Amino acid sequence: MNVSEIQIAETRRPDHDIETLFPNRWSPRAMSGEAVSEEELHRLFEAARWAPSSFNEQPWRFFWARRGTEHWSLFEGFLNPYNQVWASRAGALLVVASKKTFSHNGKPNPVHGFDAGAAWVSLALQATAMGLVTHGMAGIHYDQIPQALGLGDELAVHCMVAVGRPGDIESLPEKLRDNEKPSGRRTVDEISHEGPL
Ligand SMILES: Cc1cc2nc3c(=O)[nH]c(=O)nc-3n(C[C@H](O)[C@H](O)[C@H](O)COP(=O)(O)O)c2cc1C
């Protein structure tokens with residue numbers, strides 16, 4: 001079965017009226033092993049570009065490698081063994097980082113990570129709209145990435161993202177197949193409060 005054929009309605013039925021793009025975005029591990037084009041990646045970064053940020057700093061930075069190109073094995077080597085098993089069939093691997101200081105005064109930007117999170121979600125939603133899949137990964141070698149990418153002290157690394165085309169669940173090792181289903185969510189009442197707790 002292809003991940004795009006999985007019936008997501010059961011676990012992803014919203015309690016309130018929203019755009020279907022939100023519950024339709026999920027994080028499959030089964031990817032086809034096909035490349036993602038530079039043009040497709042540019043469209044994802046274009047979506048990320050329009051995220052809001054404090055002082056319009058736009059602190060997010062994306063570093064990327066496409067399957068079958070020069071930097072692919074470097075980026076693949078940033079993944080821990082668990083993520084390497086499935087993410088090696090992605091079409092592109094991204095590193096999400098952000099600039100820690102404001103450009104207008106050089107002072108620390110306390111919300112650079114928050115803003116980078118907004119940009120990554122924009123990217124993920126755009127990917128869903130394009131029929132691509134994305135999967136965030138914190139299981140990465142944080143200690144190696146800054147030096148390997150020449151980031152210096154100015155940029156903080158947050159996570160990596162596997163981008164790809166939906167793949168066949170049978171391509172996953174058996175132990176990962178059972179988890180290959182969209183997850184549910186806490187209720188709106190659990191995550192929001194009117195006034196103080
Ligand atoms: C920052 C971040 C780090 C994550 N790290 C991993 C990871 O290392 N390996 C993995 O298989 N999934 C990882 N995930 C995927 C989450 O487990 C997944 O997003 C979550 O279970 C919600 O499911 P959904 O994205 O399908 O809605 C990560 C997601 C995010 C946003």
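Predicted model: local features only at pLDDT ≥ 70, side-chain atom pairs only at ≥ 80, totals over all residues.
The residues around the ligand are Trp26, Ser27, Asn83, His135, Gly136, Met137, Ala138, Gly139, Cys159, Pro182 and Ser183. Strand E3 gives the most to this shell, with three residues.

The largest nonpolar core holds 39 residues, and the members that touch the most others are Leu93, Leu94, Met160 and Val163. Both helices and strands supply this core with at least two residues each: helix H2 (38–49), helix H4 (81–87) and helix H5 (112–129), together with strand E1 (60–66), strand E2 (92–99), strand E3 (133–137) and strand E4 (155–164). In soluble globular proteins, nonpolar side chains tend to be buried together. Apart from neighbours within four places in sequence, Met160 is in contact with Phe78, Leu79, Leu93, Leu94, Val95, Met137 and Ile140.

Most residues other than glycine have a negative phi. Asparagine 56, which is not a glycine, has a positive phi of about 50 degrees. Asparagine 56 lies in the loop between H2 and E1, and this residue counts as exposed because it has 9 C-beta neighbours inside 10 Å, where the limit for exposed is 12 or fewer. Glutamine 58 likewise has a positive phi, near 50 degrees, and is placed in the loop between H2 and E1. Glutamine 58 has 19 C-beta neighbours inside 10 Å and therefore counts as partly exposed, since a buried residue needs 20 or more.

Conventions:
Residues numbered from 1 in each chain as written. Core = buried A, V, L, I, M, F, W, Y, C linked by C-beta atoms within 7 Å. Helix = DSSP H or I, 4+ residues; strand = E, 2+ residues; numbered from the N terminus. Contact = placed C-beta atoms within 7 Å. Near = placed C-beta within 6 Å.
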